[in-house]
Amino acid sequence: QVQLVESGGGLVQAGGSLRLSCAASGGTFSNYGMGWFRQAPGKEREFVARITMSGRVTFYANSVKGRFTISRDNAKNTVYLQMNSLKPEDTAVYYCAGTPGNNYAFASGSWGQGTQVTVSS
């Protein structure tokens, strides 16, 4: 299993942008489908976006579609989440997750420790 470490979170005003990074180590990164999830205070963890091993296919939650972009650089063992037009409701701890193949079984995969994103109004 890969080990995952997120970075790039912070405090931003509504309408602003942030780019999250998730660095992988200890496994063959290009063999893992990757995803981003988030958990707001008092709420359950929710899916944000996912990307296939090759990076050719992506999928987004309706709440972020058109504002967030997931991408990956297999040469750098890193997956990214570009977040634009941020809203206060995007405030959450953001987690990246990885699972072998493209089956998106993230619950049984590897998870990072999370990075806090706070959007002020």
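The protein chain has zero helices and 11 strands, where helices (H or I, at least four residues) and strands (E, at least two) are DSSP runs, numbered from the N terminus. Read from the N terminus, the elements go β-β-β-β-β-β-β-β-β-β-β.

Before the details, a word on the model. This is a predicted model, in which local features need pLDDT of at least 70, side-chain atom pairs count only at pLDDT 80 or more, and totals for chains, interfaces and linings use all residues. Residues are numbered from 1 along each chain as its sequence is written, and side-chain values use heavy atoms, with hydrogens and water left out.

Overall dimensions next. Along the principal axes, the C-alpha atoms of the protein chain fill a box of roughly 40 × 25 × 25 Å. Of the 121 residues, 44% are buried. Buried means under 20% relative accessible area, exposed means over 50%, and partly exposed is in between, with a 1.4 Å probe and protein chains only. Among contacts with a separation of 6 or more, 57% are between residues 24 or more positions apart, contact meaning heavy atoms within 4.5 Å.

Now the sheets. Four strands form an open, antiparallel sheet in the order E1-E3-E8-E7; two strands pair if DSSP finds at least two bridges between them. Strand E1 (3–7) and E7 are at the edges with a single partner strand each, so one side of each has no neighbour in the sheet. From one strand to the next the twist averages 15°, with axes as lines fitted to C-alpha atoms and angles from 0 to 180 degrees between N-to-C directions. E7 and strand E8 (residues 78–83) are antiparallel and joined by six bridges. Within that pair, Arg72 has Val79 of E8 as its bridge partner.

Strand E11 (residues 115–120) has two pairings to show. With strand E9 (residues 92–100) it is antiparallel, over three bridges, and Tyr94 stands opposite Thr115. In a regular strand the side chains alternate between the two faces of the sheet. In E11, the covered face holds Thr115, Val117 and Val119, and the uncovered face holds Gln116, Thr118 and Ser120.

How many disulfides are there? The count is one, a disulfide being a pair of cysteine sulfur atoms within 2.5 Å. The partners are Cys22 and Cys96, with sulfur atoms 1.9 Å apart. Cys22 is in strand E3 (residues 18–25) and Cys96 is in strand E9, so the pair ties together parts 74 residues apart in sequence. The torsion about the S-S bond is about 45°, so the disulfide is right-handed. Cys22 is buried at a relative accessible area of 0%, and Cys96 is buried at 0%.

Last, Arg67. This residue sits in the loop between strand E6 (58–60) and strand E7 (68–73). Is Arg67 buried or exposed? Arg67 counts as buried, because its relative accessibility is 11%. Leaving out residues up to four places away in sequence, Arg67 touches Gln82, Met83, Asn84, Ser85, Leu86, Lys87 and Asp90. A polar atom of the Arg67 side chain lies 3.0 Å from the backbone oxygen of Ser85.

Technical notes
A polar contact is a pair of N or O atoms within 3.5 Å; within protein, one must be able to donate a hydrogen and the other to accept it, and residues adjacent in sequence count only if both atoms are side-chain atoms.
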